[in-house]
Amino acid sequence: MSRKMNGCTVTNGYNLENGPCLPSKNGFGCNNDHSASCNCYKRTRYMDIDCQSYTYEDIRETSGFLLQKTKYRPEIGIICGSGLGSLAESLTEKQYIPYKEVPHFPVSTVKGHVGQLVFGMLQGVPIMCMQGRFHYYEGYPICKCAMPVRVMKMIGVNYLIATNAAGGLNESYNVGDIVVIKDHVNFMGFAGVNPLRGPNDERFGPRFPAVSKAYNAELRAAALKIGKEMGIQNSLHEGVYTCLGGPNFETIAELAAMKVLGIDAVGMSTVHEVIVACHSGITVFAFSLITNKCLTTYDDDDVANHEEVMETAKNKEDVLKEFVSRMVQHIQKIGGK
Ligand SMILES: O=P(O)(O)O[C@@H]1C[C@H](O)[C@@H](CO)O1
Ligand SMILES: Nc1nc2[nH]cnc2c(=O)[nH]1
């Protein structure tokens, strides 16, 4: 079915000559003719098709905007998972920048994800914190979900602390435990859903990056040591995380299959961010808060739900703030500013 949209003839949602024709975003670089010379065209042409919705220049525009807005020059970036936004509240001298004010940034649509950048100090270290992340199930292409990591890199971030809420599949895990992620299984990647899909701009990173050491071993060891010092070693683990597309939680059969594959924690984020961080040379530390136990038998009366996820995250707020704060201190000691 064809119809007119923003001056383009759109057939089944796509302008077949020029790619999808979407409304220009705040007019950034769009001259409204949606031709090949129009930035709007360049940005939207690949969206959902080639997963290349942001050019290097777009990311430069976004990071340039932020560097102009803030006096902070952070080397450490933090992404807050569902219900974990309070991690940003540990920062002092905070500056908030809502996503909707930032050129090219997506906006958060999920409960528990505020949707703003928080710049500030933690342990005397400048930090850039995302209070709210982007998920594939919200309708964003996966490259868009991971786009803020490229912005972080261009701003000067060299260390990423990615956090998430996850279901505990490993039977030894309890609700409220922390899992230091040592590796992931990119299920969505098995189906070709990868944030690096599409033309590769070498200025972002190599065409074929290795991700076998994505989760920095030194930082993982430090996290376990910190856990001991905090007296939480019995509720701290190292494990394998996976991201599913969501938004539904898993079936019993899906969980049984994942168990066989050695997956310990199941979520709906982080993997795409870590891949992009790795691609751009950012050192990664990531952890899951186990917000619910994965239910693996048919006679369980319970079912997974977002409210439980949020509640568990709220209950563990203080311990997580302390954990992250000590990790930041450690990173600063080994090289971050
Ligand atoms: O953003 P994260 O991965 O922490 O959020 C998890 C996955 C879903 O977005 C949500 C489900 O409750 O929690
Ligand atoms: N996929 C998935 N994501 C989660 N986020 C928090 N808990 C869960 C879960 O059980 N499964």
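Student: Which residues come nearest to ligand 1?

Tutor: A residue is near a molecule if its C-beta atom, placed from the backbone, lies within 6 Å of it. Around ligand 1 there are 13 residues, and Gly81, Ser82, Asn164, Met268 and Ser269 come nearest. Strand 7 (159–168) and helix 8 (306–315) are the elements that give two or more residues to this shell. Helices (H or I, at least four residues) and strands (E, at least two) are DSSP runs, numbered from the N terminus. This is a predicted model, in which local features need pLDDT of at least 70 and side-chain atom pairs count only at pLDDT 80 or more, while totals for chains, interfaces and linings use all residues. Residues are numbered from 1 along each chain as its sequence is written, and chains are lettered from A and ligands numbered from 1 in the order in which they are written.

Student: How is the shell around ligand 1 divided by class?

Tutor: Ala, Val, Leu, Ile, Met, Phe, Trp, Tyr, Cys and Pro count as nonpolar, Asp, Glu, Lys and Arg as charged, and the others, Gly among them, as polar. The shell around ligand 1 has four nonpolar, eight polar and one charged residues.

Student: What are the classes around ligand 2?

Tutor: There the shell has nine nonpolar, five polar and one charged residues. Of its 15 residues, Ala165, Gly167, Val266, Gly267 and Val309 come nearest. Strand 7 gives the largest share, three residues.

Student: At what angle do helix 3 and helix 7 pack?

Tutor: Axes are lines fitted to C-alpha atoms, for helices over the stretch in contact, and angles run from 0 to 180 degrees between N-to-C directions. Helix 3 (residues 142–155) and helix 7 (residues 271–279) pack at about 50 degrees, with their axes 8 Å apart. Helix 3 is therefore oblique to helix 7; angles under 35 degrees count as roughly parallel, over 145 as roughly antiparallel, 65 to 115 as roughly perpendicular and the rest as oblique.

Student: Which residues of the two helices meet?

Tutor: Two residues are in contact if their C-beta atoms, placed from the backbone, lie within 7 Å. Ile142, Cys145, Ala146, Val149 and Arg150 in helix 3 meet His272, Glu273, Val276 and Ala277 in helix 7. These residues divide into six nonpolar, one polar and two charged.

Student: Is Gly85 buried or exposed?

Tutor: A residue is buried if 20 or more other C-beta atoms, placed from the backbone, lie within 10 Å of its own, exposed if 12 or fewer, and partly exposed in between. Gly85 counts as buried because it has 23 C-beta neighbours inside 10 Å.
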